[in-house]
Amino acid sequence: MAESTIDQHPLAGWDKPDLDLSDADWHSSSRGLGDVQIAFVEGFIAMRNSGSPQSPSLIFTPAEWGAFVLGAREGEFDLT
């Protein structure tokens, strides 16, 4: 099998810091019933899969989080 290398470059416009989430206070998104957890860290909102907490977290600015939640409330996203 041939080896391949994928160069990873930061996304254009990606201005979010590399947050240390090791001591984050994670909260369930739906009163303990959902698979998503969120934490508020250094002015950002981090979201992760509670079933795979070691997986990468999504990081949102407050404006991005507001747009995401508004879209979810309008049915744009399926959070179940």
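In which segment is D20 found? D20 lies in the segment before β1 (27-28). The model is predicted: local features need pLDDT of at least 70, side-chain atom pairs count only at pLDDT 80 or more, and totals for chains, interfaces and linings use all residues. Residues are numbered from 1 along each chain as its sequence is written, and side-chain values use heavy atoms, with hydrogens and water left out.

**View 1. The chain and its secondary structure.** Helices (H or I, at least four residues) and strands (E, at least two) are DSSP runs, numbered from the N terminus. Of the 80 residues in the chain, 26% are buried. Buried means under 20% relative accessible area, exposed over 50%, and partly exposed in between (1.4 Å probe, protein chains only).

**View 2. The open sheet.** Four strands form an open sheet in the order β1-β2-β3-β4, with antiparallel pairing. Its edge strands are β1 and β4 (58-60), each of which pairs on one side only. Two strands pair if DSSP finds at least two bridges between them.

**View 3. Strand β2 and its neighbours.** β1 and β2 (residues 36-41) run antiparallel and are joined by two bridges; here H27 stands opposite I38 in β2. Six bridges join β2 to β3 (residues 44-49), also antiparallel, and V36 stands opposite N49 in β3. Five of the six residues of β2 are buried, so β2 is largely enclosed by the rest of the structure.

**View 4. The hairpin of β2 and β3.** This hairpin has two residues between the strands, and E42 takes a positive phi near 50°.

**View 5. A negative surface patch.** D18, D20, D23 and E42 form this patch. D20 counts as exposed because its relative accessibility is 52%. Patches are made of residues with over 30% relative accessible area and no salt bridge; like charges are joined within 9 Å, and nonpolar side chains (Val, Leu, Ile, Met, Phe, Trp, Tyr) within 5 Å. A salt bridge is a side-chain nitrogen of Lys or Arg within 4 Å of a carboxyl oxygen of Asp or Glu. Asp and Glu count as negative.

Technical notes: Areas by Shrake-Rupley, 256 points an atom, 1.4 Å probe, with all protein chains shown as cover. Charge placed at Lys NZ, Arg CZ, Asp CG, Glu CD.
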